[in-house]
Amino acid sequence: MLDTIQKYIDEVAQFKATKLDEIEAFRIKFIGSKGIIKSLFSDFKTLPNDQKKAVGQALNTLKNAATEKVKIAIENLENQIGDEGIYGDLTRPAAPIEIGSRHPISIVKNKIVDIFSRIGFTVSEGPEIEDDWHNFSALNLPEYHPARDMQDTFFIEKNPDMLLRTHTSSVQVRYMDNHKPPIRTISPGRVFRNEDISARAHCIFHQVEGLYIDTDVSFADLKQTLLYFTKELFGKSKIRLRPSFFPFTEPSAEVDIYWGLETETDYRITKGTGWLEIMGCGMVDPNVLKNAGIDPEKYTGYAFGMGIERIAMLLYQIPDIRMFYENDVKFLEQFKAVI
Ligand code: DAH
């Protein structure tokens, strides 16, 4: 141990520093709370008594030398640098705090929430780990219904009744369980599908669900609401509804917006048609109302659902869905200006 200490004493004697951070590194190495000298002192305690005297003296020499060295090095530096001192001009303003940015998914979600809030929709949420009833059966998708295959599902292995929700439509059912009409709510949230990841698909993405239930709600109300929404979000004023199928709505439709054909990108993303599909919708199937304890003779309603990633990709011309989850600062920083 004496040899080791002597080696350190030599090292301390030879140390020369010209910069503050070098001195600080030296200080941490030798006299820091996890430094060499601390650890030598704890080894010292385990030594046989007959060695303690010599080693103790050597250790004290090392400690004093290192402490003195740091003190002198700092004094030298201060003398060299003069009036400004080693820390520079202490009256200068602090370094500015960088402006952060919201994630584009949050930006688009907030925009959607804002647009629907203005016409009286509340925001509701539900669990990401769902049971079969709320994700499928109550939505008119009984066991063995072929339409269950439309959405590849992650099941919880230990309990096949539980799954990661495949859509936010599950929140419709939960909301109707707990609220009486009139109902006007949107439910943003994360959903999961057992799909291969590619530029256009991901196993985790986000949706916003909409639900409106009251007496005398009609398909015309649905269309008008969606037209208002697309005008507000995209600034586009032409939509069309194409007949489609969803088990939970009847009739069902797919909503397209007229994007235009002004640029080459417009041609590419609309495949030369000018039209882009943005969501599914329809009149809530009477069975779904019944399953949630609402009288379908008295009430009608509409529902719609859209993918947030898809809308963000259109709004900000993002070519690959994977970019949302890579957290590349260069990508995220582009959204600094958007609140
Ligand atoms: N749940 C559907 C999906 O994930 C989207 C959807 C379509 C929701 C039609 C609805 C609706 O509420 O009426 O593909």
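Buried, in these notes, means under 20% relative accessible area, exposed means over 50%, and partly exposed is in between (1.4 Å probe, protein chains only).

**Entry 1: ground rules**

I am looking at a predicted model, where local features need pLDDT of at least 70, side-chain atom pairs count only at pLDDT 80 or more, and totals for chains, interfaces and linings use all residues. I number residues from 1 along each chain as its sequence is written, and side-chain values use heavy atoms, with hydrogens and water left out.

**Entry 2: the whole chain**

I looked up the secondary structure and got 13 helices and 9 strands. Helices (H or I, at least four residues) and strands (E, at least two) are DSSP runs, numbered from the N terminus.

Next I checked the overall dimensions. The C-alpha trace spans about 95 × 50 × 35 Å along its principal axes. The radius of gyration of the chain is 33 Å, while a compact globule of 339 residues would come out near 20 Å. That radius is taken over C-alpha atoms, and the globule rule is 2.2 Å times the number of residues to the power 0.38.

Of the 339 residues, 43% are buried. I also looked at contacts, meaning heavy atoms within 4.5 Å. Among those between residues at least 6 apart in sequence, 66% join residues at least 24 apart.

**Entry 3: the sheet**

I traced an open sheet of 7 strands, with mixed pairing, in the order S1-S4-S5-S9-S8-S7-S6. Strand S1 (122–123) and strand S6 (239–246) are at the edges with a single partner strand each, so one side of each has no neighbour in the sheet. Two strands count as paired if DSSP finds at least two bridges between them. A reminder to myself: strands of a sheet pair through backbone hydrogen bonds, either parallel or antiparallel.

I then went through some of the pairs.

- S4 and S5 run antiparallel and are joined by 10 bridges; Thr 185 has Leu 211 in S5 as its bridge partner.
- S5 and S9 are antiparallel too, with 8 bridges; Gly 210 stands opposite Phe 304 in S9.
- S8 and strand S9 (residues 300–307) pair in the antiparallel sense over 4 bridges; here Cys 281 is opposite Phe 304.
- Strand S7 (residues 249–258) and S8 run antiparallel over 8 bridges; Ile 257 is partnered by Leu 276 in S8, and Ala 253 by Cys 281.

**Entry 4: what is covered**

I checked burial next. In S5, 9 of the 11 residues are buried, so the rest of the structure largely encloses this strand. Strand S8 (residues 275–284) is mostly covered, with 9 of its 10 residues buried.

Helix H7 (residues 169–178) has 7 of its 10 residues buried, so it is largely enclosed as well. Among the buried residues of H7 I noted Val 171, Val 173, Tyr 175 and Met 176.

**Entry 5: two loop residues**

I picked Ile 197, in the loop between strand S4 (183–192) and strand S5 (204–214). Ile 197 counts as partly exposed because its relative accessibility is 45%. Leaving out residues up to four places away in sequence, Ile 197 touches His 202, Cys 203 and Arg 322. Arg 322 is 125 residues from Ile 197 along the chain, yet their C-alpha atoms are separated by 7.9 Å.

Leu 47 is buried, at a relative accessible area of 15%. Its contacts, leaving aside neighbours within four places in sequence, are Met 1, Lys 52 and Val 55. Leu 47 and Asp 149 are 102 residues apart along the chain, and their C-alpha atoms are separated by 73 Å.

I looked for cis peptide bonds. One joins Pro 181 and Pro 182, with omega about 5°; Pro 182 lies in the loop between H7 and S4. Another runs from Glu 250 to Pro 251, with omega near -5°, and Pro 251 lies in strand S7.

I also noted positive phi values in residues other than glycine. Asn 140 has phi near 70° and is placed in the loop between helix H6 (132–135) and strand S3 (162–164). Tyr 144 also has phi near 70° and lies in the loop between H6 and S3. Is Tyr 144 buried or exposed? Tyr 144 counts as exposed, because its relative accessibility is 75%.
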